Structures are given as C-alpha cells and as structure tokens.
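Look at the model first, then read on.

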Amino acid sequence: MTTDQAAARAAMIAIMRRTFRLTDTTAGRLVDIGLAAERTGQRAWPAINAAVNEAADRGEDWAVEALHASTN
C-alpha cells in the first residue's frame with residue numbers, strides 16, 4: 001500500500017468512525033471489505049452489507065456493532 005493509499009484508508013476509517021460511531025477495528029474492517037470489493041470490480045457498499053449480514057448471522061461482535069450503528 002502506498003503512502004497515499006494508507007492516508008486515504010485512514011481518512012475513510014475516520015469518516016466511518018464518526019458517521020456510524022464505530023470502533024477503529026470495526027470501521028477498519030468495513031473499509032477493508034469495501035476496498036477489496038472495489039479491487040475486484042464490485043461496488044463497496046453492497047459488498048460491505050453482505051459481509052456484515054453474514055458475519056452478524058454468525059454472531060461476530062464487529063458485525064453486530066455495525067448493524068446496531070447503522071440503525072441508530
């Protein structure tokens with residue numbers, strides 16, 4: 001990852017944290033899912049939503065946090 005990419009990732013994490021009141025870890029995970037999706041030609045938000053829903057079904061704490069934040 002280049003310095004510019006790392007800075008952009010950090011900025012996206014900060015936005016996610018503030019917008020949805022997430023922990024750094026959860027925001028970082030969501031950003032990484034979105035970036036990975038875009039690298040493969042997918043859109044970020046649908047990929048994030050799918051990953052969060054699948055992880056929440058498994059009871060993963062970060063996904064439950066993300067779902068709770070998105071409904072408040």
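A salt bridge here is a side-chain nitrogen of Lys or Arg within 4 Å of a carboxyl oxygen of Asp or Glu. The model is predicted, so local features need pLDDT of at least 70, side-chain atom pairs count only at pLDDT 80 or more, and totals for chains, interfaces and linings use all residues. Residues are numbered from 1 along each chain as its sequence is written, and side-chain values use heavy atoms, with hydrogens and water left out.

Q: Which residue forms a salt bridge with E60?
A: Side chains of opposite charge can pair when their charged atoms come close. Here the closest N and O atoms are 2.8 Å apart. The partner of E60 is R58.

Q: Is R58 buried or exposed?
A: Buried means under 20% relative accessible area, exposed over 50%, and partly exposed in between (1.4 Å probe, protein chains only). E60 has 25%, so E60 is partly exposed. R58 has a relative accessible area of 56%, so R58 is exposed.

Q: How many residues apart in sequence are the parts that R9 and D32 tie together?
A: The side chains of R9 and D32 meet in a salt bridge, at 2.7 Å from N to O. Helices are DSSP runs (H or I, at least four residues), numbered from the N terminus. R9 lies in helix α1 and D32 in helix α2 (residues 24-39), so the parts tied together are apart in sequence by 23 residues.

Q: How many salt bridges does the count come to?
A: One of them joins R17 and D24, with the closest N and O atoms 2.8 Å apart. By this rule the count comes to 3.

Definitions and conventions: Helices (H or I, at least four residues) and strands (E, at least two) are DSSP runs, numbered from the N terminus.
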